[in-house]
Amino acid sequence: MLDPFLAPLAGGVLIGLASGGLYLLAGEIAGITGIARSALIGPARGWQAAFIAGLLAAGLAAAWAKGPALVAGIEQTSLPVMVLAGLLVGLGTDIGNGCTSGHGVCGLSRLSRRSLAAVAVFMAAAATTVYLVRHAGVL
Amino acid sequence: MKIAIGFIAGLTFGLGLALSGMTSPDRVLGFLDIAGAWDPSLAFVMGGAVLTALPLFALARRRTTPLAGAAFDQPPTTLIDRRLISGAVLFGIGWGLAGICPGPALVDLAIAPGQTLAFVSAMIAGLLASAWWRRRAG
C-alpha cells in the first residue's frame, strides 16, 4: 500500500501526463464532459470514442488488479439520489461547459481565469452539499 | 494516429483516476467534507495533475500546431457569465450528492457496472437534454 498522499500524487501525475500529452500531441482538451458529448452526438467522434474506450479499459484493468475496494462507498448512495446526482452532473457540466477534468486539470494548467472561476464555484457547491447532507440532515 | 493517441490518453487518465482514489465516493466525499473528518489527500491529485500538465501546455503555447495534429483546440470563450456559474453550481451539487464526477463515473462503470449504471445513465440523459436545449435555443 502506497503512502496515503503518494498514491493521489502519482495518480495526479498520470492524469496530468494524459491531459498535457493529449494537448501537445493532438491539440485536444481532455475534458471528460466534452469528450463524452462528442462521442455520443458528434460532431467528430473517432478519437473521443477511443478515449472513452481507454477510460473503460483502465477501469477493467484496475478492477482486475485491485478489486471492488476501488469504488468503496458507491453502495451507500440510494438509487433515487444516484439518479438525481447523475442528472445534475450531466446538466451542470454541459451548461457550464466543463467538469473536474476540463475546467479543473486542463483549464487551470492553461491558466484560464474562466476555469478558475468554475472550479471555485463547483468546489464550493460540492462542499456545501456534503455539509448539508452530513451535518445539517438535509436528504 | 489520433485514435491511438485518444485511446492511450484515456487509458492513462483512467489508470491515474483509479490509482489516485478518485474512483471511490468514500474518498471523494471525505475530501469534500471539510467540517467532518476531513481527508485532504485528494488535493494531491489535482496538484499533481496541474503541476505535470502545466509545462506541457506551456510547451504547446510556443507551437503553432500540435506534434501530431492539425490545430490546437481553443475554448470558444473566456467569459465568466451566468451560464458558467449556474452550470458549475448544478455540477457541484450533483458531485457532492454522490461523490462521483464524469471521469470516475466511466471508470467505475467498468469496475462495478451494477452500482454505477444508474448514475451514468442519468448523467448521459442530463448531458443530452442540455445539449438538445442549447441547440434549440441557439
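This is a predicted model: local features need pLDDT of at least 70, side-chain atom pairs count only at pLDDT 80 or more; totals for chains, interfaces and linings use all residues.
In chain B, 38% of the contacts with a separation of 6 or more are made by residues 24 or more positions apart.

From chain B the reader can turn to its meeting with chain A. The contact draws on 104 residues from chain A and 105 residues from chain B. The size of an interface is often given as the accessible area lost when the parts come together.

Next comes the nonpolar interior. In soluble globular proteins, nonpolar side chains tend to be buried together. Here the largest nonpolar core has 69 residues, and those with the most contacts inside it are L22(A), F51(A), L55(A), F13(B), M22(B), W95(B) and F119(B), a list that names residues of chain A and of chain B. Helix α3 of chain B, residues 43-61, supplies the largest share of this core, with seven residues.

Single residues show how the chains meet. Leaving out residues up to four places away in sequence, W95(B) touches V89(A), T100(A), F122(A), M123(A) and A126(A) in chain A, and in its own chain M22(B), V28(B), L29(B), L32(B), I100(B) and C101(B). I15(A), for its part, is found in helix α1 of chain A, residues 6-26, and it counts as buried because its relative accessibility is 3%, where the cut-off for buried is under 20%. Apart from its neighbours within four places in sequence, I15(A) is in contact with V105(A) and also with F13(B), G16(B), L17(B), V45(B) and A49(B) of chain B. The C-alpha atoms of I15(A) and F51(A), which stand 36 residues apart along the chain, are separated by 13 Å.

Once neighbours within four places in sequence are set aside, T77(A) is in contact with M82(A) in its own chain and with L97(B) and A98(B) in chain B.

The spaces left between the atoms complete the picture. The largest pocket holds about 770 Å³ of space, and 35 residues line it, with I29(A), R37(A), N97(A), D73(B) and P76(B) lying nearest its centre. In chain A, the elements that give two or more residues to this lining are α2 (32-41), α3 (46-66), α5 (100-109) and α6 (113-135), and α2(A) gives the most, with six residues. Sorted by class, the lining of the largest pocket has twelve nonpolar, 17 polar and six charged residues.

The largest cavity, with about 40 Å³ of space, is lined by I32(A), T33(A), A36(A) and T93(A) together with P102(B), M123(B), I124(B) and L127(B). Two or more of these lining residues come from α2 of chain A, and two or more from α6 (113-137) of chain B. Six residues of this lining are nonpolar and two are polar, while no charged residues take part. The second largest cavity has a volume of about 30 Å³, and its lining includes G92(A), H103(A), F122(A), L84(B) and F91(B). Two or more residues each come from α4 (79-95) and α6 of chain A and from α4 (82-98) of chain B, and α4(B) provides the largest share, four residues. The lining of the second largest cavity divides into five nonpolar and six polar residues, again with no charged ones.

How values were computed: Residues are numbered from 1 along each chain as its sequence is written. Chains are lettered from A and ligands numbered from 1 in the order in which they are written. Side-chain values use heavy atoms; hydrogens and water are left out. On a 1 Å grid over the protein atoms alone, a cavity is a set of points where a 1.4 Å probe fits but cannot get out, and a pocket is an open set with protein on both sides within 12 Å along at least five of seven lines; lining residues have an atom within 4 Å of a point. Grid points are joined across faces, edges and corners, and a volume is the space filled by probe spheres set on the points. Ala, Val, Leu, Ile, Met, Phe, Trp, Tyr, Cys and Pro count as nonpolar, Asp, Glu, Lys and Arg as charged, and the others, Gly among them, as polar. Contact means heavy atoms within 4.5 Å. A nonpolar core is a set of buried Ala, Val, Leu, Ile, Met, Phe, Trp, Tyr and Cys residues joined through side-chain atoms within 4.5 Å. Buried means under 20% relative accessible area, exposed over 50%, partly exposed in between (1.4 Å probe, protein chains only).
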